[in-house]
Amino acid sequence: MAQSKGWVRRYFKAFCKGFFVAVPVAVTFLDRVACVARVEGASMQPSLNPGGSQSSDVVLLNHWKVRNFEVQRGDIVSLVL
């Protein structure tokens with residue numbers, strides 16, 4: 001019985017260490033580098049979401065390009081309010 005408690009305790013400790021390292025890294029990556037978003041509605045038709053309101057497209061929002069002022073003509077810019 002003591003061995004099973006030790007195993008569970010080691011597993012939980014390893015999980016917590018991984019969790020407290022992975023979550024800040026993931027949040028920083030999604031905030032600073034890139035994130036995935038879903039485009040819905042008619043605002044971007046016909047380039048995105050050509051099927052109408054029933055369908056949606058998934059896009060990668062590249063924060064790195066905007067932060068370095070590398071936006072070029074033809075790029076789609078997303079604003080979050």
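The model is predicted, so local features need pLDDT of at least 70 and side-chain atom pairs count only at pLDDT 80 or more, while totals for chains, interfaces and linings use all residues. Residues are numbered from 1 along each chain as its sequence is written, and side-chain values use heavy atoms, with hydrogens and water left out.

The protein has two helices and two strands (DSSP runs: H or I of at least four residues, E of at least two, numbered from the N terminus), running α-β-β-α from the N terminus on. Of its 81 residues, 7% are buried (under 20% relative accessible area; exposed is over 50%, partly exposed in between; 1.4 Å probe, protein chains only).

Now for the rings. The structure holds three aromatic pairs (ring centres within 6.5 Å, with Trp represented by its six-membered ring; planes under 30 degrees apart are stacked, over 60 edge-to-face, the rest tilted). Two of them are listed here:

| Pair | Type | Centre to centre | Angle between planes |
|---|---|---|---|
| F15 and F19 | stacked | 6.0 Å | 25 degrees |
| F19 and F20 | edge-to-face | 5.5 Å | 80 degrees |

F15, F19 and F20 form one aromatic cluster. Both F15 and F19 sit in helix α1, four residues apart, or about one turn. F15 counts as partly exposed because its relative accessibility is 48%, and F19 does so at 41%. F20 is exposed, at 60%.

What about F12? F12 is also exposed, at 53% relative accessibility, and is found in helix α1, residues 2-32.
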